[in-house]
Amino acid sequence: MYYGNIKKTDIADGDGVRVSLFVSGCRNCCKGCFQPETWDFKYGTEFTQETEKQIIELLKPSYISGLTVLGGEPFEEENQRVLA
Ligand code: SF4
């Protein structure tokens with residue numbers, strides 16, 4: 001799996017202060033999509049075990065309410081496997 005961005009402190013994509021992961025890859029082709037560059041499953045950076053560790057560390061502070069997963073499309077089968 002690849003991802004386009006990790007926001008370390010995001011207040012726009014869920015309740016409270018969150019860590020947000022923007023995964024790559026989407027086949028929905030929604031009309032008016034504002035980020036078609038993320039349809040490419042190889043867009044951005046490869047998600048590795050180091051990335052996973054980084055996210056776990058980012059989630060530790062008490063002011064972080066949770067993890068938000070965005071895309072691209074997190075529910076694409078290729079992305080589900082890694083995210084699960
Ligand atoms: S990235 Fe989101 S808005 Fe764009 S085509 Fe995929 S599901 Fe639709």
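Modeller: What follows is a short tour of this structure, which is a predicted model.

Biologist: Start with the ligand. Which residues are around the ligand?

Modeller: The residues around the ligand are C26, N28, C29, C30, C33, W39 and G72.

Biologist: How does that shell divide into nonpolar, polar and charged?

Modeller: Five residues of the shell are nonpolar, two are polar and none is charged.

Biologist: Where is C29?

Modeller: C29 is in the loop between β2 and β3. C29 counts as partly exposed, with a relative accessibility of 48%.

Biologist: And what is the phi of C29?

Modeller: The phi of C29 is positive, about 50 degrees, although C29 is not a glycine. Most residues other than glycine have a negative phi.

Biologist: Change of topic. How many salt bridges does the count come to?

Modeller: The count comes to five salt bridges.

Biologist: Which residue forms a salt bridge with E76?

Modeller: R27 does, and the closest N and O atoms of that pair are 2.8 Å apart. The pair links distant parts of the chain: R27 is in the loop between β2 (17-23) and β3 (45-46), while E76 is in the loop between β4 (64-70) and α2, 49 residues apart.

Biologist: Are those two buried or exposed?

Modeller: R27 is partly exposed at 48% relative accessibility. E76 is buried, because its relative accessible area is 10% and the cut-off for buried is under 20%.

Biologist: What about E78, which residue does E78 form a salt bridge with?

Modeller: E78 forms a salt bridge with R27, and here the closest N and O atoms are 2.5 Å apart. This pair also links distant parts of the chain, with E78 in helix α2 and R27 in the loop between β2 and β3, 51 residues apart. E78 is partly exposed, with a relative accessible area of 29%.

Biologist: Give me another salt bridge. Which residue forms one with K60?

Modeller: E57 forms a salt bridge with K60, with the closest N and O atoms 2.9 Å apart. Salt bridges that share partners join R27, E76 and E78 into one network.

Biologist: Back to E57 and K60. How exposed are they?

Modeller: E57 is partly exposed at 48% relative accessibility, whereas K60 is exposed, with a relative accessible area of 57%.

Biologist: Now helix α2. Where is N79, and is N79 buried or exposed?

Modeller: N79 is in helix α2. N79 is buried, with a relative accessible area of 1%.

Biologist: What is N79 in contact with, leaving aside neighbours within four places in sequence?

Modeller: On that basis N79 is in contact with M1, V23, S24, G25, F41, E73 and P74.

Biologist: And L83?

Modeller: L83 is also placed in helix α2, which covers residues 77-83. L83 is partly exposed, with a relative accessible area of 32%.

Biologist: Which residues form the nonpolar patch on the surface?

Modeller: L67, V69 and L83 form that patch, and together they have about 190 Å² of accessible area.

Biologist: Next, L21. Where is L21 found, and is L21 buried or exposed?

Modeller: L21 is found in strand β2. L21 is buried, with a relative accessible area of 2%.

Biologist: What is L21 in contact with?

Modeller: Leaving aside neighbours within four places in sequence, the contacts of L21 are M1, Y3, N5, I6, F47, I55, T68, V69, L70 and L83. V69 and L83 on that list are also part of the nonpolar patch on the surface.

Biologist: Last one, T51. Where is T51 found, and what does T51 touch?

Modeller: T51 is found in helix α1, residues 49-58. Not counting residues up to four places away in sequence, T51 touches Y3, I6 and E46. T51 counts as buried, at 5% relative accessibility. Y3 and I6 are also among the contacts of L21.

Definitions and conventions
Residues numbered from 1 in each chain as written. Predicted model: local features only at pLDDT ≥ 70, side-chain atom pairs only at ≥ 80, totals over all residues. Heavy atoms only, no water. Near = heavy atom within 4 Å. Nonpolar A, V, L, I, M, F, W, Y, C, P; charged D, E, K, R; others polar. Patch = residues over 30% accessible without salt bridge, like charges linked within 9 Å, V, L, I, M, F, W, Y side chains within 5 Å. Areas by Shrake-Rupley, 256 points an atom, 1.4 Å probe, with all protein chains shown as cover. Salt bridge = Lys/Arg side-chain N within 4 Å of Asp/Glu carboxyl O. Helix = DSSP H or I, 4+ residues; strand = E, 2+ residues; numbered from the N terminus. Buried < 20%, exposed > 50% of the residue type's maximum accessible area, 1.4 Å probe, protein only. Contact = heavy atoms within 4.5 Å.
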